[in-house]
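Please open the model in the viewer and follow the selections below in order.

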Amino acid sequence: MRPGKERTDKLKKALQAAGFESAILTNPDSIAYFGEYLDYLGIDFGRPTLMTIPVNGEPTIITPLMETDMCSRMTWVTDIRPWSDGINDEWRSVLKSAVEGKARRVAIEKRSIPALVANDLLPMLHGAEVGDAGPLISEIRMIKSAGEIGIMRKAGEVAVAMVKGAREVIAEGVPEYEVALAVIAAGTRKAASFLDDSTDRFVSPTIYNLQILQSGTDVCLVHRRSSVREIRKGDPVYLCFCGIANFRNYKLGFDREFFVGGATDAQARVYETAVAAQQAALAAIKPGIACQEINAAAEAVYTEAGLAAGYRTGRSVGQSFLESPELKRGEKRLLEAGMTFAVDGGITIEGSFGGRIGDSIVVTETGFEYLTNYPRELAII
């Protein structure tokens, strides 16, 4: 059975247990997860792709006419309904025929549904009780299968290839954007090595999105993108791969920092504290431990050093950049084997410096395993 079909059957059972008769999916990652179809130019271009899942019946994918050939080759779903720009009220008429009057209790993805879709969909559901499919979907996606973990391990290899590519070119006088180009090239080549032309026609190895990269005192800015600034002797260089560490639509978190020519004692102390906080969090990971306890383990290290955390210790990763649960204060969810997280250590010294480290891991029966495994000690280039 195709993985998406098996997942859809699980969702049907969850919907039925919650008293729903159908679900309408609008999040591209959800449609990729259940329908095994990832459209490339979607809602940002005013062209939504939608998936309806009746508890008693077969699912439907509604997608732009220009994408239907690709859709039919990618998905296991047989009912594909096209729509075209400027014709018959576009996707709205197709969606209306698929959902109007078909169910009394309908679940939608309330947290992520685009306003463009919600504004027209909700009137179509008049008379029906509308609930939230988000928590049901999160539960199904929370524990990764062996197949998913295998893909995420390859995503980790892609991430490590990217940081190796960066380290090869980081040097005094090199512009930040040249480092970003090296990252993209190294990651793309590594991803390509896992793919076969005859079976992976719809999987692109090309690494994309803007590289989060800063150097010098700008490392305190956390999420600034690569610029034309030239790296100087004595600079820290921080790279966050969280927006680009992606293989087969599985996304990881991964961060590393290098120092060009040397690091001051103050910088070394901050960086090594960030690493110690991350390692304390990782040491606490095992099934049955509450997420907030993992966060507390990291915060204890910051407090003892007289420093403060700037953000949560971790987040679940998978088909989406952010999944549930998170490693933060107030998150009481207990860890289970098969959960996957990005686990960070991070300290910001406003206006001058930031020390950061990040890895993705999978929770095992006895602890955890790295999905990204690259040296964490202070690295002088």
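Predicted model: local features only at pLDDT ≥ 70, side-chain atom pairs only at ≥ 80, totals over all residues.

**Helix packing and cores**

Begin by selecting helix H2 (residues 28–35) and helix H6 (residues 134–142), which pack at an angle of about 55° with their axes 12 Å apart. H2 is therefore oblique to H6. In passing H6, H2 makes a left-handed crossing. To display the contact, select Asp 29, Ser 30, Tyr 33 and Phe 34 on H2, together with Ile 137, Ile 140 and Arg 141 on H6. By class, the residues of this contact of H2 with H6 comprise four nonpolar, one polar and two charged.

The contact of H1 with H6 has six nonpolar residues, one charged and no polar.

Next, turn to the largest nonpolar core, of 60 residues, in which Met 162, Ile 170, Leu 239 and Phe 241 have the most contacts. Helix H7 (residues 146–169) gives the most to this core, with nine residues. Now centre on Ile 170: leaving aside neighbours within four places in sequence, Ile 170 is in contact with Val 179, Ile 231, Val 237, Leu 239, Phe 258, Val 260 and Ile 381.

Finally, select Met 142, Ala 281, Ala 305 and Met 339, which are among the 33 residues of another core lying apart from the largest one.

Note on methods. Residues numbered from 1 in each chain as written. Heavy atoms only, no water. Axes fitted to C-alpha atoms, helices over the stretch in contact; angles between N-to-C directions. Helix = DSSP H or I, 4+ residues; strand = E, 2+ residues; numbered from the N terminus. Parallel < 35°, antiparallel > 145°, perpendicular 65-115°, else oblique. Left-handed = near helix turned anticlockwise from the far one by under 90°. Contact = heavy atoms within 4.5 Å. Nonpolar A, V, L, I, M, F, W, Y, C, P; charged D, E, K, R; others polar. Core = buried A, V, L, I, M, F, W, Y, C linked by side-chain atoms within 4.5 Å. Buried < 20%, exposed > 50% of the residue type's maximum accessible area, 1.4 Å probe, protein only.
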